[in-house]
Amino acid sequence: MSVPECSPELLRTLFLFEELTDDQLETLCQSGHITEIDRGQVYLEGDPASCFYVLIEGELIMSKLSGGEDIEMVRTSQRGVYSGGWTSYLGDRVPQIYSASLRVTKPSTFFVLDADKFGAVVREWFPMAVHLLEGVFFGNQNTRQIMDQRERLLALGSLSAGLTHELNNPAAAAVRATASLRERVAGMRRKLGMIASGFYDRDSLVTLMHMQEEVAEVVAKAPTLTPLEASDREDSLGEWFEDHSIREGWDLAPTFVQAGLDTNWLETVAAAVDESVLEGAIRWLNYTIESELLMNEIADSTTRISTLVGAAKQYSQMDRAPFQTIDVHELLDSTLIMLGQKIGDITVVKEYDRALPPIDAYAGELNQVWTNLIDNAVAAMDGTGTLTVRTSRDGDRVCIEICDTGSGIPDDVIDRIFQPFFTTKPVGEGTGLGLDISWRIVVGKHHGELRVTSEPGDTRFRVLLPISGPERNHVDDAE
């Protein structure tokens, strides 16, 4: 293939230059040159954008990296198509790097212009167009940043409301249990007064003290009964109390059943104390049981609060470096806890491959991805269904799947769901940025992949992340 000389007549045959004047075309010829490039790579994504290329003859392929793979975006032999440092007219206000890779499939002829010279002539010849393009470029950039912030604030508000609700339940339970425990302690103080007055003889008192210790141990190991088993035991205990003339015995029965005690144990109490003090002994033991149960409830409630606070700290990555080595299961669990109130009655199934190695990642931002995917899955199921969170290994990557049994994504929109501002939710319920943000975090920032397959009853979002993680200096500019 012979390389033609650059001339205004040749450049005018390219649609990009067809409206330029002879003088402008002459300037381009003097500033640039025509060259033939053999089959192979022309430039790589991420390299400094030094040249602007216009195809005259041949075939080119443009591609972008995704999950370590080079994905073909465009293949064309159309004369006049251009690529390279075309944003040079914006100067140093934006990173001047190639946004994709370019290669040719056969020897191809290009008109090549240094990016700096291209930017200079565009600013000189088309000042109004440059202002318009700047407005579009930076306007879209600012709009996206504002909407990203709004999306994050909306998510934060939703999570805060859910966390407040989740914290309120165990906190209220602890307050109620503390108030009840105070009443039981007051009742025990009154019983101590009876003991001090000599109501119980020494042997009976020693026996009761031993039984009190035994009860405390039994409560800690109380078995979990089915509703039917509990009801049968309550009936049996209620009849026993009635047979032994224990007043309001039917009210005492549920407490003894909850502690795991039965009529055989009560018979040992009856055999150990005098009949005249049996009712007092039963009520003394009832105070002990109730106190132990209330303390267990307080312990459970405060543990729940501590767990929620720990999950919130894990979710927000408070006091942790943005880039770190993490276990994806810890991030997934903290997100599920944070979204617990929103998940509601939906069944959650975890299928974790615990053999997965830790990965290097931006943990806080991955939590945002899980939040968006799980939130969408929950919304798709409308309160009922199964949410499955699955992890596995895929070569040198970890795979995280978020699956739901909702109505599915229609075929005519599934290719658009990662586009900014596109949403299938009703007006006012979605910004259309959740999946766009997730895409940029997974693909742009972590060099991973985000895929989706969907049919009614089975929608799956798959996140593939490299185990080695992204390079920090490469990732910071990804957004």
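How far is the sulfur of C403 from the closest cysteine sulfur, and in which residue does that sulfur lie?

Tutor: Start with the ground rules. This is a predicted model, in which local features need pLDDT of at least 70 and side-chain atom pairs count only at pLDDT 80 or more, while totals for chains, interfaces and linings use all residues. Residues are numbered from 1 along each chain as its sequence is written, and side-chain values use heavy atoms, with hydrogens and water left out.

Now your question. The closest cysteine sulfur to that of C403 is in C399, 8.8 Å away. That is too far for a bond. A disulfide needs two cysteine sulfur atoms within 2.5 Å. C399 is buried at 0% relative accessibility, and C403 is buried at 5%. Here buried means under 20% relative accessible area, exposed means over 50%, and partly exposed lies in between (1.4 Å probe, protein chains only).

So where is a disulfide found? The structure holds 1. The link joins C6 to C29, with the sulfur atoms 2.4 Å apart. The two residues come from distant parts of the chain, 23 residues apart. C6 sits in the segment before α1 (8–12), and C29 in helix α2 (residues 22–31). Helices (H or I, at least four residues) and strands (E, at least two) are DSSP runs, numbered from the N terminus. The angle about the S-S bond is -80 degrees, which makes the link left-handed. C6 is partly exposed, at 23%, whereas C29 is buried, at 11%.

Next, the sheet. Its 5 strands form an open sheet, in the order β10-β12-β13-β15-β14, with mixed pairing. Two strands pair if DSSP finds at least two bridges between them. At the edges stand β10 (347–351) and β14 (449–455). Each has a single partner strand, so one side of each lacks a neighbour in the sheet. On average, neighbouring strands are turned by 15 degrees against each other, direction ignored. Look at one pair. Strand β12 (residues 386–394) runs antiparallel to β13 (residues 397–404), and 8 bridges join them. Opposite T391 stands I400, in β13.

Helices lie across this sheet. Helix α10 (residues 328–338) lies across β10, β12 and β13 and runs at about 170 degrees to β12. α12 lies across β12, β13, β14 and β15 (458–466), at about 25 degrees to β13. For such angles, axes are lines fitted to C-alpha atoms (for helices over the stretch in contact), and values run from 0 to 180 degrees between N-to-C directions. Contact means heavy atoms within 4.5 Å.

Side chains of opposite charge can pair when their charged atoms come close. We count a salt bridge when a side-chain nitrogen of Lys or Arg is within 4 Å of a carboxyl oxygen of Asp or Glu. That rule gives 14 salt bridges. One of them joins K445 and E365, with the closest N and O atoms 2.8 Å apart. It links distant parts of the chain: E365 is in helix α12 (residues 363–381), K445 is in helix α13 (residues 434–445), and 80 residues separate them. K445 is buried, at 9%. E365 is buried too, at 18%.

Compare another pair. R283 and E279 meet in a salt bridge at 3.2 Å, N to O. Both lie in helix α9 (residues 278–316), 4 residues apart, about one turn of the helix. Then take R460 and D458, whose closest N and O atoms are 3.0 Å apart in a salt bridge. R460 is partly exposed at 30%, and D458 is partly exposed at 24%. Salt bridges can also join up: E351, R390, E401 and R462 are linked in a network of them.

Last, a loop. S245 sits between α6 (227–243) and α7 (249–258). Its phi is near 60 degrees, a positive value in a residue other than glycine. S245 is exposed, at 58%. E248 is also in the loop between α6 and α7. Phi of E248 is positive as well, near 55 degrees, and E248 is exposed at 54%.
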